[in-house]
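Biologist: Could you walk me through a few features of this model and show me how to read each one?

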Amino acid sequence: MEHRLARQWLATAVEEARAGRAQGGIPIGAALYGADGTLLGRGHNLRVQEDDPSLHAETAAFRAAGRQRSYRDTTMVTTLSPCWYCSGLVRQFGIARVVVGEDETFRGGHEWLAAHGVEIVVLDDPECVAMMREFIAAEPALWNEDIGQ
C-alpha cells in the first residue's frame with residue numbers, strides 16, 4: 001500500500017481519536033475503507049461515553065460501515081495497534097489490511113494478523129504517539145482498564 005494514501009486515511013482515524021478524547025474518552029480512532037478507497041465507516045473508542053466495554057474504535061468503525069457482503073478487500077485504519085479483541089474482528093471478517101498509526105505505546109495483535117496473511121502497514125506517526133503518551137500520563141487507571149490490566 002502506498003504510504004501517502006495510508007497517511008491520508010490515517011487522518012480520518014486521528015480526527016476520530018481527537019473527538020473521543022474531547023468527549024472524555026480514550027483517544028483511539030479508526031476507519032474502514034473499501035477496495036476502491038470509499039470510506040465505509042469511521043468511529044472512535046466509546047467505552048467511557050457509552051459505558052460499553054465492546055465499543056473500541058475498530059468495532060465502532062466496523063459497526064458504522066454497516067453490513068457488507070464481503071470484507072476481503074477492505075482496510076481497517078487505526079491510530080493504535082489493535083488489541084486482541086479488535087484483531088479478532090479483523091481476522092473473523094477477513095479484512096485484508098490494517099494500517100496502524102503507531103505501535104510504540106501499545107502492541108496488540110497486528111503481528112499475529114500478519115502471520116495469518118493480513119497486510120500490516122505501521123506508520124510510526126508522531127502525532128498518534130504523542131496523543132497516546134499524553135493520555136496514558138493523564139489517565140493511567142483508565143488506560144489500564146481499557147487494555148485489561
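This is a predicted model: local features need pLDDT of at least 70, side-chain atom pairs count only at pLDDT 80 or more; totals for chains, interfaces and linings use all residues.

Biologist: Which residue has a positive phi of about 55 degrees although it is not a glycine?

Modeller: That is Asp51. Helices (H or I, at least four residues) and strands (E, at least two) are DSSP runs numbered from the N terminus, and Asp51 sits in the loop between α2 (47-50) and α3 (57-65). A second case is Asp124, whose phi is near 50 degrees; its loop joins β5 (119-122) and α6 (126-138).

Biologist: Is Asp51 buried or exposed?

Modeller: Buried means under 20% relative accessible area, exposed over 50%, and partly exposed in between, with a 1.4 Å probe and protein chains only. At 70%, Asp51 is exposed. Asp124 is exposed too, at 52%.

Biologist: Now the glycines. Where is Gly101?

Modeller: Gly101 is in the loop between β4 (97-100) and α5 (110-115), and with 0% relative accessibility it counts as buried. Contact means heavy atoms within 4.5 Å. Leaving out residues up to four places away in sequence, Gly101 touches several residues, including Leu10, Asp124 and Cys128.

Biologist: What does Gly34 touch, not counting residues up to four places away in sequence?

Modeller: Its partners are Trp9, Leu40, Asp73 and Thr74. Gly34 belongs to the loop between β1 (29-33) and β2 (39-44) and is buried at 8% relative accessibility. Gly34 and Thr75 are 41 residues apart in sequence, yet their C-alpha atoms are 6.5 Å apart.

Biologist: At what angle do the axes of α1 and α6 cross?

Modeller: Axes are lines fitted to C-alpha atoms, for helices over the stretch in contact, and angles run from 0 to 180 degrees between N-to-C directions. The axes of α1 (residues 3-22) and α6 cross at roughly 20 degrees and come within 11 Å. Angles under 35 degrees count as roughly parallel, over 145 as roughly antiparallel, 65 to 115 as roughly perpendicular and the rest as oblique, so α1 is roughly parallel to α6.

Biologist: Which residues make the contact?

Modeller: Leu10, Val14, Ala17, Arg18 and Arg21 of α1 meet Glu127, Cys128, Met131, Phe135 and Ala138 of α6.

Key: Residues are numbered from 1 along each chain as its sequence is written. Side-chain values use heavy atoms; hydrogens and water are left out.
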